Amino acid sequence: MTKQLSRRTMLKTAVSGVTMASVPWPEQNSPIPRKGQIKQSVSRWCYQKTPLDELCAYATQIGLKGVDLLKPDEYEVPARHGLVCSMGYADGGEIASAMNRVENHAKIEEGFRKYIPLAAKAGVPNVITFSGNRAGMSDEEGAKNTITGLNRVKKIAEDHGVTICLELLNSKVDHKDYMCDHTAWGVRVVQAVNSPRVKLLYDIYHMQIMEGDLVRTIQQNISWLGHFHTGGVPGRHELDGTQEVQWDGVMRGIAAAGFQGYVAHEFVPARDPLTSLRQAVDLCDV
């Protein structure tokens with residue numbers, strides 16, 4: 001209790017766009033107990049106005065287990081608050097230009113060789129990569145190239161116990177022309193690579209837009225899924241009654257499949273950010 005209070009007192013002195021006085025802290029001093037079937041995390045980029053240490057401290061209080069999408073120089077920050085960086089950046093390419101082009105493979109390999117050991121040292125379980133856009137390339141050729149690229153780097157991940165996650169994104173609304181935009185394409189790729197350290201990042205927001213049929217798709221392919229992201233559909237805002245996804249039902253489906261990884265909230269708050277985050281965590285605590 002003393003440790004939690006001292007951390008809060010210290011952080012109240014920080015000068016930022018969001019001060020600790022405005023943070024909706026839980027009344028108790030110890031973290032909110034969670035059921036534990038879903039290990040929840042939060043994506044850093046959605047809370048840019050909140051300093052990372054403050055976000056981590058609040059995440060701990062509301063029962064989160066990690067913070068997602070941190071840069072290598074931030075990997076170790078969550079540990080100061082009893083959390084992990086649940087997904088890290090490691091120079092794994094850009095959304096529009098990554099694994100589906102052979103000319104990108106050397107640079108991605110260089111980044112992974114440099115940063116995956118740092119991720120392992122900091123206890124980061126996952127790093128992210130992308131397919132890249134089609135830009136006239138066929139899905140067949142793109143799959144072949146992506147398989148080649150992932151085969152090139154999988155041993156780095158295997159040797160360090162870190163999972164490379166290829167993200168599924170929608171090409172209908174947010175990322176026009178992105179290639180890894182359907183679960184079947186992504187599963188085909190990671191099955192061909194056939195490594196326990198190469199999986200998919202199944203973004204529920206994006207796959208609801210492209211496919212729907214979320215729970216069945218997740219459960220049929222759970223062995224190839226390494227990580228999840230959330231986001232309200234439509235709009236990528238709060239997980240609430242204005243959205244078309246029944247979030248508690250999806251979480252029960254994930255839990256029933258025996259998933260042991262992280263589900264990270266990646267919605268852009270349209271209301272008070274940290275209040276919205278706690279409400280999402282409550283909803284997904286099944």
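Helix α8 (residues 247–256) buries Trp247, Val250, Met251, Gly253, Ile254 and Ala255, where buried means under 20% relative accessible area with a 1.4 Å probe and protein chains only. Helices here are DSSP runs of H or I with at least four residues, strands are E runs of at least two, and both are numbered from the N terminus. Please keep in mind that this is a predicted model, in which local features need pLDDT of at least 70 and side-chain atom pairs count only at pLDDT 80 or more, while totals for chains, interfaces and linings use all residues. Residues are numbered from 1 along each chain as its sequence is written, and side-chain values use heavy atoms, with hydrogens and water left out.

**Around α8**
- The buried residues of α8 pack against α6, α7, β7 (225–230), β8 (262–265) and α9 (273–284), with contact meaning heavy atoms within 4.5 Å.
- After α8 comes Gly258, which has a positive phi near 80°.

**Around α5**
- In α5, the buried residues are Thr183, Trp185, Gly186, Val187, Val189, Val190 and Val193.
- Their packing partners are α4, β5 (163–167), β6 (198–203), α6 (204–210) and α7 (214–220).
- Asn194 follows α5 and has a positive phi, near 55°.

**How α4 meets α5**
- Helix α4 (residues 139–160) packs on helix α5 (residues 183–193) at an angle of about 40°, and their axes are 9 Å apart; the axes are lines fitted to C-alpha atoms over the stretch in contact, and angles run from 0 to 180 degrees between N-to-C directions.
- The two helices, α4 and α5, are therefore oblique to each other, the class left once angles under 35 degrees (roughly parallel), over 145 (roughly antiparallel) and 65 to 115 (roughly perpendicular) are set aside.
- By class, the contact of α4 with α5 has seven nonpolar, three polar and four charged residues.

**A buried loop residue**
- Ile62 lies in the loop between α2 (52–61) and β2 (66–70).
- With 0% relative accessibility, Ile62 counts as buried.
- Ile62 and Arg278 are 216 residues apart in sequence, yet 6.5 Å apart in space, C-alpha to C-alpha.

**The chain as a whole**
- The chain has nine helices and eight strands.
- Of its 286 residues, 56% count as buried.
- Among contacts with a separation of 6 or more, 76% join residues 24 or more positions apart.

Notes:
Nonpolar A, V, L, I, M, F, W, Y, C, P; charged D, E, K, R; others polar. Buried < 20%, exposed > 50% of the residue type's maximum accessible area, 1.4 Å probe, protein only.
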